[in-house]
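This report describes how selected parts of one structure pack against each other. The sequence and the structure come before the description.

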Amino acid sequence: MTLAILSALPQEQDGLVQAMAGAQAVAHAGRQFWRGRLHGHDVVCALSGIGKVAAATTTAALIERFGVRRIVFTGVAGGVGEGVQVGDVVIASDYLQHDLDASPLFPRWEMPGYGRTRLACDAAMAAALLQAARACVEGDTEALRARHATHPPRAHCGLIASGDQFVGTAAASRALAQGLRTAGHEVLAVEMEGAAVAQACLDYGVPFAAMRTISDRADDGAHVDFAEFVRTVASRYAQRIIGGFLQGLPPH
């Protein structure tokens, strides 16, 4: 059973591809995919592209062209939930599209034709990913705290919101979180791709899970030292957490 590893950032994909056995590059749909073996599993690695449309088409290509039967996503996100800080990891329990609004035809945030607002991730995969994330952050506390955070990193599991916009001011972050909270959606993090991958996986009946390393608080400092954070923290976490996740799955 082939598993796809979608990465939002080249630094995450590079480390995973380098760890693969027998890695082979395949060009398809204007993208490059890497096939090989990783921790006893047949895997395909790919970059999602930025934004919901790019992520959805990449997901469809993985399923249609490469026959993947499970998808796991790695990337970074802005933390908007209470207690979600820089250096933490959020495992998605479910997703919604914070920029989706087909009202008054449909309730705000509801997906037309689906009759739902939130898309659940695969419970078993999310639980395995959370276990791997906890093991990772507990082992890297001092290194991370010394460079990027004032508290020991934590792993969370909850709702993540996606939209085709970079949330990079405190005012925008507060408005987004408060609007969703008022409607009963307690969102932990915000990013630009995961909900689209979740929707495509729902359409195809493919189990999906996602992890996001918190690079900022989606506020006025969201751009500060981003590249350095990705290089020293997010890429390392992606490789270790995905490695732990795969090692916990039955080999194929």
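## Helix 6

The model is a predicted one. The buried residues of helix 6 are Gly194, Ala195, Ala196, Val197, Ala198, Gln199, Ala200 and Cys201. Just after helix 6 comes Gly205, whose phi is positive, at about 70 degrees.

## Packing of helix 2 on helix 6

Two packed helices are described by the angle between their axes and the distance between the axes. Helix 2 (residues 52-66) packs with helix 6 (residues 194-204) at an angle of about 35 degrees, and their axes are 8 Å apart. The crossing of helix 2 past helix 6 is right-handed.

On the helix 2 side, the residues that meet helix 6 are Lys52, Ala55, Ala56, Thr59, Ala60, Ile63 and Glu64. They face Ala196, Val197, Ala200, Cys201 and Tyr204 in helix 6. By type, the residues of this contact divide into 9 nonpolar, 1 polar and 2 charged.

## Nonpolar cores

The largest nonpolar core has 70 residues, and Ile5, Ile71 and Phe208 touch the most other members. Helix 7 (residues 226-247) supplies the largest share of this core, with 9 residues.

Which residues are in contact with Phe208, leaving aside its neighbours within four places in sequence? They are Ile71, Phe73, Tyr95, Cys121, Asp122, Met125, Gly194, Val197, Ala198 and Cys201. Among them, Gly194, Val197, Ala198 and Cys201 are buried residues of helix 6.

## Aromatic pairs

How many aromatic pairs does a search of the whole structure find? There are 2. In one of them, the ring centres of Phe33 and Phe66 are 4.7 Å apart and the planes stand at 40 degrees, so the pair is tilted. Because Phe33 lies in strand 3 (residues 31-38) and Phe66 in helix 2, this pair ties together parts that are 33 residues apart in sequence. Both Phe33 and Phe66 are buried.

Tyr95 and Phe208 also form a tilted aromatic pair, at 6.1 Å centre to centre and with 35 degrees between the planes. Tyr95 belongs to strand 6 (residues 89-97) and Phe208 to strand 10 (residues 208-216), so the pair ties together parts that are 113 residues apart in sequence. Tyr95 and Phe208 are both buried.

Methods
Residues numbered from 1 in each chain as written. Predicted model: local features only at pLDDT ≥ 70, side-chain atom pairs only at ≥ 80, totals over all residues. Heavy atoms only, no water. Core = buried A, V, L, I, M, F, W, Y, C linked by side-chain atoms within 4.5 Å. Buried < 20%, exposed > 50% of the residue type's maximum accessible area, 1.4 Å probe, protein only. Helix = DSSP H or I, 4+ residues; strand = E, 2+ residues; numbered from the N terminus. Contact = heavy atoms within 4.5 Å. Axes fitted to C-alpha atoms, helices over the stretch in contact; angles between N-to-C directions. Left-handed = near helix turned anticlockwise from the far one by under 90°. Nonpolar A, V, L, I, M, F, W, Y, C, P; charged D, E, K, R; others polar. Phe/Tyr/Trp six-rings, centres within 6.5 Å; stacked < 30°, edge-to-face > 60°.
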